[in-house]
Amino acid sequence: MAVDMNVFRGFLQQVRQLPAMAQPTECPDTERVAAVKAVFKERIDAGVASHLEACVHCGICAEACHFFVQTGDPQFTPIHKLEPLRRFYRREKGPFAWLYRLIERDIEETDLEQWQRLVYDSCTECGRCSFACPQGVDIAHMVVIMRRALANAGLIPAGLRAVEQEQGSQGTVFGVGPKQLMAAVEALRVRGYEVPVDKDKADVLVLTATTDILLFHDAMESTVRIMNHLGVDWTIHTCAFEGANFGMLSGYEKVQKAASERIIREAIRCGAKVVIIPECGHAYPAMRWEGANEHGEPLPFEVMAISEFIGRQVMDGKLSLKPIGKGRRVTYHDPCKVGRHGGVFDEPRAVLDALGVERVELPDNREMNYCCGGGAGLFVIDTAERYRALAFDLKRKQVEATGAQSLITACDSCRLSFLAGTDRTQWDRPIESLVELVGQALPD
Ligand code: SF4
Ligand code: SF4
């Protein structure tokens, strides 16, 4: 079922209020440079140093970044977004530090304001530049370090800070906590679905996301129906259901760790063998690899995106679907974190093939798919609106080039960005969710 655009516009209005809700940061202006340097000092290890040394200034990464492609502005060259990190490395840690201290100026407070715009407003940590770099320079990983440094200096943009502060202080995201989860669960139970909540033991712990509770109700319903249809021993937990992690997006590690530990604790307590991530692109890395990093040891369970889980069931012959779209031409947008970073490409395509649709690929697809433009928290950063719009325009052109009648994805952030673009431009192509389509196609 299509999203009610009036509800979506109401959600957008709420997002626009976020900057006014952010609390002031604690870091005084005079301490910001030192706070940034403290994180650089801690985070520049041999791996980061080798990436910084490996750059040969070829500029190929520029053409890989949707923000550069759409603007032609050299400040959006990916490697340039790391300039303060590189300058710190050269002056403080590199083999010629003594020389660079003589010829290159130190980081100043005005630099931080400029790079705050570059690493938050115009970087979705999508990793396309890292993938394109002939030297293998992992730019996206170093943008994460830049964000951590700026977060330590109190420079998280206000909209993103407001949600990070809410999740850190109340454990909710956009006001959604256990009470709102249970209201959504009760609504599903009224419709006849069994929803196992807070089970003592379960093989699978299923997470959800605020956006599914507030906006994309069908995604949650489809997930419940799929789990029950497959006869999975699963549960959802009232204190560990939120997949979104605004600590990770903002770079504020304390909130990131608390949010991921809450899930890890519950998954271990109930003996889960698998944790399923909803259609929330950034919730996937937050648990799949960042979760283990924060936890300090390998996780004793597997982490799977819902699209990955369904795809494997289809590929293993355990789930057959009713064909829903003979002659219906669709294209699939790979969410960056699940696709390029996580390697989940075949599974969603296997699902689409099982749905009987005519699947056509975007001109840039799989590893080279362009980002939606709203990932890594850009959707809640008001000053990033222009860049999100530019990214959407690029995607729109690519979708139109395929002749697809609809654009399907498996990430709420992508969906939000595309819906905002659709609404702004009055585009006529529906934005569809993979899990929702599967919900419609389950055998009776
Ligand atoms: S593509 Fe790689 S080597 Fe070339 S400028 Fe970018 S980071 Fe440097
Ligand atoms: S990670 Fe993505 S958004 Fe960020 S600089 Fe690289 S290509 Fe651009």
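The model is predicted: local features need pLDDT of at least 70, side-chain atom pairs count only at pLDDT 80 or more, and totals for chains, interfaces and linings use all residues. Residues are numbered from 1 along each chain, and side-chain values use heavy atoms, without hydrogens and water.

**Exercise 1.** Find which residues of helix 3 are buried.

Solution. Helix 3 spans residues 46-54 (helices are DSSP runs of H or I, at least four residues). Its buried residues are Val48, Ala49 and Leu52 (buried: under 20% relative accessible area, 1.4 Å probe, protein chains only).

**Exercise 2.** Describe the setting of Arg128.

Solution. Start with its place: helix 9, residues 128-132. Next, accessibility: Arg128 has 3%, so it counts as buried. Then look for partners. The Arg128 side chain makes a polar contact with the side chain of Asp364, at 3.3 Å (a pair of N or O atoms within 3.5 Å, one able to donate a hydrogen and the other to accept it). A polar atom of the Arg128 side chain also lies 2.7 Å from the backbone oxygen of Met368. Other residues that Arg128 touches include Glu63, Arg340 and Tyr370 (contact: heavy atoms within 4.5 Å).

**Exercise 3.** Sort the shell around ligand 1 by class.

Solution. There are 13 residues around ligand 1 (a heavy atom within 4 Å). Cys55, Cys58, Gly59, Cys61 and Cys133 come nearest. By class, ten are nonpolar, three polar and none charged. Cys counts as nonpolar and Gly as polar.

Definitions and conventions
Chains lettered and ligands numbered in written order. Buried < 20%, exposed > 50% of the residue type's maximum accessible area, 1.4 Å probe, protein only. Helix = DSSP H or I, 4+ residues; strand = E, 2+ residues; numbered from the N terminus. Lists of a residue's contacts leave out its neighbours within four places in sequence.
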